[in-house]
Amino acid sequence: PNKQYHIVTYGITVSPRYAKIKRIAIRNFVFAGGTISLEKGCDLLFEYFTNHPELSLHVYGECVPEQEYIFSKYYEVENILFHGHINKEELPEHLPKYDVGIHLSRFDAYSLSVGEIIGCGLPVVVSNMTGIASEVQKYNWGIVTDLSNHSISTAINQICNLDIYNTYVEFIDTYIMESHKSYGEKMLDF
């Protein structure tokens, strides 16, 4: 109450290997949130993909040790592939192999990983609790969903539609090709 808040967004990190790619089928999703945890909504994410074997989910990151018992059952699911921790500098080499980035965080300050995924040219599905959700919506980089099972399913079905998917690819490409101020420049302007 009685406070004024100013938000200076971090933006996206454009990969030096960025290339606009239109797909002919959308089947491969990637979670590269750094940490596999309840806070990042991984239980919701893994449960969805367990029930949709026609899609695959590639997971980069390590499980929070205290939550290992929650996620261990998903290590045997054939369409959920765990790649472990990977160096941040190497990740942009792997991301373009996939079709969609997905991050269903229950709460997140911003999510730099989502910005890195977008910077590789991939549309995203993010929860409305992910800090970058307002930018995803504003710039049409993908779909923002709430965390209900129905909404998650609807969002994934929508992004698998080639026309919708390729529209997001165009918006990402247009954004990347324009000149934007860096976070530091935005802070100095503020």
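**A helix under cover, and what surrounds it**

The buried residues of α4 are S113, V114, G115, E116, I117, I118 and G119. They belong to a predicted model, and the helix in question spans residues 112–119. Because seven of its eight residues are buried, α4 is largely enclosed by the rest of the structure. Which elements provide the cover? Among those lying over the buried residues of α4 are the strands β1, β4 and β5 (124–127), together with the helices α3 (91–94), α5 (133–139) and α7. After α4 comes G121, where phi is positive, near 95°.

S111 is itself buried, since its relative accessible area is 7% and the limit for buried is under 20%. A polar contact of 3.3 Å joins the side chain of S111 to the side chain of S113, and S113 is one of the buried residues of α4. Setting aside residues within four places in sequence, S111 is in contact with H103, T130 and I132.

The largest nonpolar core has 31 residues, and the members that touch the most others are F29, F46, F49, L57, I102 and I156. At least two residues of this core come from each of β1, α1, β2 (56–63), β4 (100–103), α6 (149–159) and α7 (162–177). The largest share, six residues, is supplied by α1. What does I102 touch, leaving aside its neighbours within four places in sequence? Its contacts are F29, V30, F31, L45, F49, L57, V125 and I156. Another core lies apart from this one; it has 24 residues, including L95, V114, Y175 and I176. V114 is also among the buried residues of α4.

Is S37 buried or exposed? S37 is buried, because its relative accessible area is 3%, and the cut-off for buried is under 20%. The side chain of S37 reaches the backbone nitrogen of K40 at 3.3 Å. Not counting residues up to four places away in sequence, S37 touches C42, V64, Q67 and F71. S37 and G61 are 24 residues apart along the chain, and their C-alpha atoms are separated by 9.8 Å.

The surface gives another view. Y10, L112, Y183 and M187 make a nonpolar surface patch of about 350 Å². Y10 belongs to the segment before β1. With a relative accessibility of 39%, Y10 counts as partly exposed, because that class lies between 20% and 50%.

N2 has a positive phi of about 60° although it is not a glycine. N2 is located in the segment before β1 and is exposed, because its relative accessible area is 83%, where exposed means over 50%. N140 likewise is a residue other than glycine with a positive phi, near 60°. N140 is found in the loop between α5 and β6 (142–145), and its relative accessible area of 30% makes N140 partly exposed.

Conventions: Residues are numbered from 1 along each chain as its sequence is written. This is a predicted model: local features need pLDDT of at least 70, side-chain atom pairs count only at pLDDT 80 or more; totals for chains, interfaces and linings use all residues. Side-chain values use heavy atoms; hydrogens and water are left out. Buried means under 20% relative accessible area, exposed over 50%, partly exposed in between (1.4 Å probe, protein chains only). Contact means heavy atoms within 4.5 Å. A polar contact is a pair of N or O atoms within 3.5 Å; within protein, one must be able to donate a hydrogen and the other to accept it, and residues adjacent in sequence count only if both atoms are side-chain atoms. Patches are made of residues with over 30% relative accessible area and no salt bridge: like charges are joined within 9 Å, nonpolar side chains (Val, Leu, Ile, Met, Phe, Trp, Tyr) within 5 Å. Accessible areas come from the Shrake-Rupley method with a 1.4 Å probe; for residues, only the protein chains shown count as cover. A salt bridge is a side-chain nitrogen of Lys or Arg within 4 Å of a carboxyl oxygen of Asp or Glu. Helices (H or I, at least four residues) and strands (E, at least two) are DSSP runs, numbered from the N terminus. A nonpolar core is a set of buried Ala, Val, Leu, Ile, Met, Phe, Trp, Tyr and Cys residues joined through side-chain atoms within 4.5 Å.
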